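Please keep the structure open in a viewer and follow the selections in the order given. Each stop names what to select and then states what is found there.

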Amino acid sequence: MANIYFDLTREFNARGTIAILASGQAVVYYRLAMMSKDGDWIVKETGDACGTILAVLDRHQARYRPGAPLDPRWLSGGWSSHFEFFDDRRRRIRCDFFSRPPKVAAAARDDLFATASEDPLAVIGIEDLILMKRTQSAKDYAVIGELARRLPPAREIEFTTDVDRLCELAPGFTTGSQRPTARVALEGPRDSVVVALARETDQLQQADHQRLRRYEAAAREYLAAFRKADIQDGPLAAAHETACRLAEECLPRDPLGLQG
Amino acid sequence: MKLLSEDDLNLAAMSDEELDRAWDLWFDLAQETNDWDPPYTHGVLVLVEAPPPERSS
C-alpha cells in the first residue's frame, strides 16, 4: 500500500521505528474509510527521533505551522507539532505529531515502540486507535463501531458503538466487562441500551472537549507570538530554533500535569 | 447495524493497487476544499481557530 502518508511513515522509520501512523490514515490502512486529508503520527519521545523527523520533513521542504516545537520538552506535556508542504503535484500535505496519544495508558504507549515490528510502515493497533478516536467528532464513533468488529468478541464488547452488537454480545461476554453500558445491555430493554450508549458517547465527547480547551487556553500567548514571528515562512531548522525559543518564553510545558 | 456507508466498507474488498488508486483520486478531489478546512484536524490545537485575515487600510 502506498500513499504519501504511508511513504512518509516508511521514511521516518527507515533506521528504526520512531513514528507510528495513527488516526485517519490508520483508518485508511485498516480499509474502513477515506477519513483524513492529513497525516498524524505518534512520535518516539526522544531528541534523536524528533531530529530524524525534522530532517525528513526538511527534505520535503516542509514548513512549521503554528504549534508546539517538535521537541520532547513539549511533546511530553501532550503538545502537538504541525507541518505542511506540497507534493510534486502541488497537493497540500499536512503532518501532525505528538508523543502522548490521548486516553492511551502510559504502559501501552511505551509498548508501541518496544513491540513495533520491523516493517517501516508502523501503524497503531486497533484498540489504541479506538481509544484515540474517542474525540468530539460524531463520525469517529461510527468508525469505532466498525473498528471494534475487527476485535475478538470479548474485546469488541468493551468498545463497540453499535447497539445491536452490544445486545448480541452481552449474554456471553458481560461477566468480565468493566463497561457499564455492557451491563445495561445484559439487563435492560434495547431502548435503555440506546440511552446508555448515547450518554457514554456524550461523556467521552465532553471530556475530550474539556481537555482541548485547556490546551487552547495555554497556547494562546505562544501562538500569537509564533504568528508574529513569521516562522511559517522560514526554513525548517531556523523555524525550529525560533519555535523553541518562543516556547521557552511562553508555552507551558505541561498544562495537564502529564509529566508527573 | 451498518455504521459506515457501502462506499467506505467496499474498501475492504479492494486490492492494494485499487486502494492506492482510489485514495489518490479521493485526495486529488479533496484538495478542492483546502481553503475551507479547519486549521487543525489532529493534536491538541483542534479548538484553535484561524486568525482573522488582516484588513488593509
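Begin with helix α7(A). Nine of its 11 residues are buried, so α7(A) is largely enclosed by the rest of the structure. To display the enclosed part, select D140(A), Y141(A), A142(A), V143(A), I144(A), G145(A), E146(A), L147(A) and A148(A), which are buried. The model is a predicted one, and this applies to every stop that follows.

**The interface between chain A and chain B**

Show both chains next. How many residues of each chain take part in the contact? Chain A contributes 50 residues, and these are in contact with 37 residues of chain B. The area buried between the two chains is about 3,800 Å², and carbon and sulfur atoms give 59% of that area. On the side of chain A, select R31(A), M34(A) and K37(A): these lose the most area to chain B and together account for 23% of what that side buries.

Between chain A and chain B the count is seven salt bridges. One of them can be displayed by selecting R92(A) and D37(B), where the closest N and O atoms are 2.7 Å apart. Polar contacts across the interface of chain A and chain B comprise 22 residue pairs, with both residues at pLDDT 80 or more.

Which elements of chain A give two or more residues to the side that touches chain B? They are α1 (4-12), α2 (23-29), β2 (39-43), β5 (92-98), α7 (138-148) and α11 (190-228). Coloured by residue class, the side of chain A that touches chain B divides into 17 nonpolar, 14 polar and 19 charged residues.

R31(A) lies in the loop between α2 and β2 of chain A. Its phi is near 60 degrees, a positive value in a residue other than glycine. Is R31(A) buried or exposed? With a relative accessible area of 14%, R31(A) is buried, because buried means under 20%.

Select R90(A), in the loop between β4 (81-86) and β5 of chain A. Phi of R90(A) is near 65 degrees, again a positive value in a residue other than glycine. R90(A) is exposed, with a relative accessible area of 61%.

Move to F12(A), which lies in helix α1 of chain A. At 1% relative accessibility, F12(A) counts as buried. Display its surroundings: leaving out residues up to four places away in sequence, F12(A) touches I18(A), A19(A), W41(A), T52(A), I53(A), V56(A), L57(A) and F97(A). For a sense of scale, draw a distance to E127(A): the C-alpha atoms of F12(A) and E127(A) are 23 Å apart, and the two residues are 115 residues apart in sequence.

In soluble globular proteins, nonpolar side chains tend to be buried together. The largest nonpolar core here has 83 residues, of which L8(A), L57(A), W79(A) and F97(A) touch the most other members. Select L57(A) and its contacts beyond four places in sequence, which are F12(A), A62(A), F83(A), F85(A), C95(A), F97(A) and L236(A).

**R100(A) and its polar partners**

Select R100(A), found in the loop between β5 and α5 (106-114) of chain A. R100(A) is buried, with a relative accessible area of 17%. Which residues does R100(A) contact, leaving aside its neighbours within four places in sequence? They are E45(A), L75(A), S76(A), G78(A), R109(A) and L258(A). The side chains of R100(A) and E45(A) are joined by a polar contact of 2.8 Å. A polar atom of the R100(A) side chain also lies 3.3 Å from the backbone oxygen of L258(A).

**R59(A), the last stop**

Finish at R59(A), in helix α3 (residues 47-59) of chain A. At 59% relative accessibility, R59(A) counts as exposed. A distance drawn from R59(A) to E118(A), 59 residues apart along the chain, gives 24 Å between C-alpha atoms.

Note on methods
Residues are numbered from 1 along each chain as its sequence is written. Chains are lettered from A and ligands numbered from 1 in the order in which they are written. This is a predicted model: local features need pLDDT of at least 70, side-chain atom pairs count only at pLDDT 80 or more; totals for chains, interfaces and linings use all residues. Side-chain values use heavy atoms; hydrogens and water are left out. Contact means heavy atoms within 4.5 Å. Buried area is the accessible area (1.4 Å probe) that two parts lose on being put together, summed over both. A salt bridge is a side-chain nitrogen of Lys or Arg within 4 Å of a carboxyl oxygen of Asp or Glu. A polar contact is a pair of N or O atoms within 3.5 Å; within protein, one must be able to donate a hydrogen and the other to accept it, and residues adjacent in sequence count only if both atoms are side-chain atoms. Helices (H or I, at least four residues) and strands (E, at least two) are DSSP runs, numbered from the N terminus. Ala, Val, Leu, Ile, Met, Phe, Trp, Tyr, Cys and Pro count as nonpolar, Asp, Glu, Lys and Arg as charged, and the others, Gly among them, as polar. Buried means under 20% relative accessible area, exposed over 50%, partly exposed in between (1.4 Å probe, protein chains only). A nonpolar core is a set of buried Ala, Val, Leu, Ile, Met, Phe, Trp, Tyr and Cys residues joined through side-chain atoms within 4.5 Å.
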